[in-house]
Structures are given as structure tokens and as C-alpha cells.
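Subject: Structure for you to look at

Hello,

Here is the structure I said I would pass on. My notes follow below it.

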Amino acid sequence: MKTQNVIQVEGLTKMFGDFTAVNAITFEVKKGEIFGFLGANGAGKTTAMKMLIGISSPTSGLAKVAGFDVYKETESIKKNIGYMSQKFALYDDLTVKENITFFGGIYGLSKKQINQKRSELVEELGLVDVTNSLVSSLPLGWKQKLAFSVSLIHNPKIVFLDEPTGGVDPITRRQFWEMIYNAAHKGTTIFVTTHYMDEAEYCDRVSIMVNGKIEALDTPKKLKEQYKTDSMNDVFLKLARG
Amino acid sequence: MKRFVGFIKKEFYHIFRDRRSLFILFGMPIAQILLFGFAITNEINNVDIAVLDQAKDATSKEIINKIAASKHFSIIDIIEQESSIEAIFKKGKVKAVLQFDNNFGSNLIKYQQTTVQILIDATDPNMASTINNYITAILKNYQSDINDNVTLNYQIIPKSRMVYNAELKSVYMFVPGVMTVILMLVSAMMTSISITREKEQGTMEILLVSPLKPFQVIIGKVFPYIFLSVINALVIVLLSIFVFNVPVNGSFILLGFESVLFIITSLALGILISTISATQQTAMMISLMGLMLPTILLSGFIFPISSMPLPLQVISNIIPAKWFIIIVKGIMLKGVGIGFILKETLILVVMTMVFIGISVKKYKIRLE
């Protein structure tokens, strides 16, 4: 049943000099799961994520993403994952259409595939009227939804979302999570970091990182039982305060 | 390759949609070369002078005619008494007064030696010494004319000839300098800004997570600027030839190759700057203060390196622009071939490789 795990991490560690940013973390993520990766600022979640997406090399430990080794097969990993960062990351001075074409292009999609994806995408997001407008003219919520769709353009096995809903209003966040559910439903694994504890409740399972270590990992329901509270927020506070 | 083409297309969108960068790219070179060529100049034209001719003999008249005929001076006043000299200077009407004594011509015949008084308004010392040089040159010229007809000649006449820029045209000096500054500015500053912009926007991360390799990203970012810089170099050379009549005495192709080399040097510097700066502002400040100032001041573009204090002379050696200016002057004005500028070319090649090496190293550290 190992094939069901799209991310497999064992004792993954990252040191910067004497400082241990990520301390021997171990976990696995199942196919189609929405995995919440929580932690305070500086807890090491961004560093851990960077190792998984192949732009930072681990100090020790093992990790496989989409079946590929994070030491030797980063190129294959990159082809099989999507990524959306906390900073909104499309080009403001390109149109919606040009952005889709560009990102489709760098993931090696053919012209035909790009055209097809593009019409699907603008249709779904309701952006048909603004296809040829500059992205800078769109409201933030639309941009973020577009960025998410673009990160899925090459049908990745896993999509990594680094605080994707920062600075977005509650309604858009809600819609955003609907998109995440849709993608997960279609079999894409979602690996998401967030500050919002209410969002943690939407995840199938969450891990909470404190000072480089994973201190808790379970479904939100079980975590709340374990820490005898009724909100993820309290679970988080109890852990973070030690 | 298809990915790469898409990437470059995107870069051109960025450039052509940003009015500011478009202006820096194309407005600035033209503005600069015209400014340096026309306005900021060391040569003098139509300087107003006055003449006090007390001799009124054949020789003095001939000299006055010669000066009047030169395009550098126009005689706007003939004064009669020595006392009016001060008044005319005070009014600021003229920059210089030429005074011929009563015995000017007779002395020349009697003693084969005579003097002429040149009074110059030295409130602008540079201008004054230029005027002095020009008038002296005209006098020397006349002197050699008359000596041709004389069999006995006790005078030693210094024969100096201005080589490469016989008319001492300042635009000859400025063209290589402006070309260097502009290529440096466009290549280094624009690339460093455009790479840091990706970092600031967070798109750099997206690109690094994509299957594009880091070096493909960087080459994709700089490629459009190579292309645009070559066009810029061409515009500058064409402007120099057709507007300022500066010749290209050497090989056009060699000039082209050397320009591309210098563009790559500057791009490498731009990449280096982008690896050490996190924001566009930082990149711009480093480019302006760290590159532009030394390029203008220490490259020999405006101030001659030989008259700098020794420490600055030593520092000037690490300024790539210094070597490129020597190359461009060599090719354009002296018409030399690769053999004469081999050392300078090699220095630029080595510098480029060092810059690229450091950038690659820095880039890798950053990825860690």
C-alpha cells in the first residue's frame, strides 16, 4: 500500500550552520488528501516545504515526493508538482491569457493543450470577459484563484500551497477552499500551509510544527479530542506555548 | 527550446509594457549622445573678441584677417585706446582682446622677433586656456606661413600636430565614453532590476519550482537585453557617424564583436548585482552608485586616468569600462585591428568569466 503515499518523509533535517531549522520530521501524505502544514512563523514549515519542492537540499533524512527522491530527482519532482506561494505570483503586467500561456509553456504543454486549458480555465473562473486584461486590473481574490488554477495547469500529482489565502476576504477564502476541495476530489493531493486555524479545520489531517519538530499530527477532530478543546486554535496555542 | 522562446516572449512583454524602462532603453542613449555631442563640449565656437591694433601695419592686418576668418572667433569690436580694454571686459562683451604694439611689424622685420599681447577673461579658466591655445595656434600657423618666404630664419618653431582628432573635436572623445556608459547602464542596471523584480513579486520562486533550470531562467532574462543593447550600440555608432561625423576608421565587425563582449560583461555584472540585492530599489542604487559613478569618473571617459593619484589609477584597472573605452577609441579613431587591443579584450573576457563565476556561486548559496 506504499503507493498510496505521495509524500513520504523520514527524519528529514535541515541545518543552517549550528541552527536546526527542521529537526528530523517524519510524516506521510496520502493520495488525494488535503494535508495542513501548520506552525508559527519561524517554526520551519517554509524550510521543510522548500526541501519537498526541490529548491533546497536536505542536510539528512529521507524524503520522496511523487515517488521521486528529493536529493537526486528534483527535476522529476518539479514536473509533478504545482506550487503557489504566499506572495501572489502571476505577472501583473501580462494579461490573463498571456499568463496562462506562459506558465503552460514553461511546464512544456503543447499549444493545443494550452489553448484547451485556457478556455476551460477562464470559463470555470468566470474570467471570459477579462481574458485580455492585464492581471494588475483584477481584484486580489480573482488573482489568487487564477494563480491556483495556473499552479494546476499541468495536472500535477501534488500541489503545494504556501499560505495561499493571506490577505483575502472571508468570502473569497471560502470560494478558494471550494476550489481546493474540487482539486482534491479529482485526485490531486493538496499540501497547504496556513495561519488561519479555521482553515485547519477544512484539512483531512494537519501537522503542527514547533521549533523545527512536528509536535502533533492527526485529523483535526482527533487533535481536538486529544487536547480536550473544541477549536484548532486552542490546540495550536497549547502546543506553541509548550 | 520552445519553453525558452515562450520565456523570451514574456520578457519582451515586460519591457515593452513598462514605459520607464522603454525610456531608459531608447530615450536615454539618444538624449545622452546628443547632449554630450552638442551641449557639453570643450571646443569653442564664435567666441567674441576685440582687437586693439596700434600698429596698423601689413602683418597685424594679416593676422587679424586670419583670426576673423576662423570659425572659432568673431571680432566684434575694434578699439582704439588701451584705456577702453578694461571697460570692454567689464561689460562682458568679449572674452579676449588682442593688442598689437606700435612697433609690432617693424620689430619683426628689424629683430625677426615681435610680441603680441593676448588678454583673456579668465573667469572661466578652462575656456580661457582653450582660447589661449586656439589663438596661439593661429599665430604659430601664421608664423610658419611667413617663414616659408624668408631665407634667414633664427626662430625655432615648435611643430605640434594633433593626431587622431586634428581639430580637437571633443565629440570624438565623448562618443566612446557615452557608448560605454549607456551599454553599462542598460545591460547591468536593467537586467539586475528585471531579475530582482521577479524576486520581489515572488515569481522567481515559481520559476525555480518549475521544470525550468535556474540557468535557463537567467539566460532567458538577459537575452532580450543583449538584443536591445546591440541595437543601442548601433544607434550610437550611427548617430556619431551621421550627426557628428565621427569616423569609424577600423573594422565595423570588430567593433561589433567587442561591443557584444562588453555587453556580456555588463550583463554578468547585472546578474551579480541581482544576486546580492533583494529589491528593485537596492538593485538600482547599487547599479547607479556602484557602477555608473566609477564608470563615469574612473574610466578615463571624462577625467584622464594618467593625472589621477596613484591609488585611483590602480582602482581604475578593475573598471571594465576603462578597457572598453580604450578598445572603442582604438577601433573608431585610430583604426587599429585586434592585434593592438588584444590585451584589453582578454582583460574583459577574464572579468566576464569572474563575474559569471561569482554569480553562479552566489546563486547556488541562495538556493540552499
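Which strands of chain A does helix 6 lie across? In this predicted model, helix 6 of chain A, residues 170–185, lies across strand 3 (34–39), strand 7 and strand 8 (189–193) of chain A. Helix 6 of chain A runs at about 145° to strand 8 of chain A. Helix 9 of chain A (residues 232–241) also packs on the sheet, where it touches strand 3, strand 9 (205–210) and strand 10 of chain A. The direction of helix 9 of chain A makes about 30° with that of strand 9 of chain A.

The sheet itself is open and has 6 strands of chain A, in the order 6-7-8-3-9-10, with mixed pairing. Its edges are strand 6 (81–84) and strand 10 (213–218) of chain A, each of which pairs on one side only. On average, neighbouring strands in this sheet are turned by 15° against each other, direction ignored.

Tyr83(A) is found opposite Phe160(A), a residue of strand 7 of chain A.

Thr74(A) counts as buried because 20 other C-beta atoms lie within 10 Å, and the cut-off for buried is 20 or more. From Thr74(A) to Met51(A) the separation is 23 residues in sequence and 9.5 Å in space, C-alpha to C-alpha.

Regards

Methods
Residues numbered from 1 in each chain as written. Chains lettered and ligands numbered in written order. Predicted model: local features only at pLDDT ≥ 70, side-chain atom pairs only at ≥ 80, totals over all residues. Buried ≥ 20, exposed ≤ 12 C-beta atoms within 10 Å, placed from the backbone. Pairing = 2+ DSSP bridges. Helix = DSSP H or I, 4+ residues; strand = E, 2+ residues; numbered from the N terminus. Axes fitted to C-alpha atoms, helices over the stretch in contact; angles between N-to-C directions. Contact = placed C-beta atoms within 7 Å.
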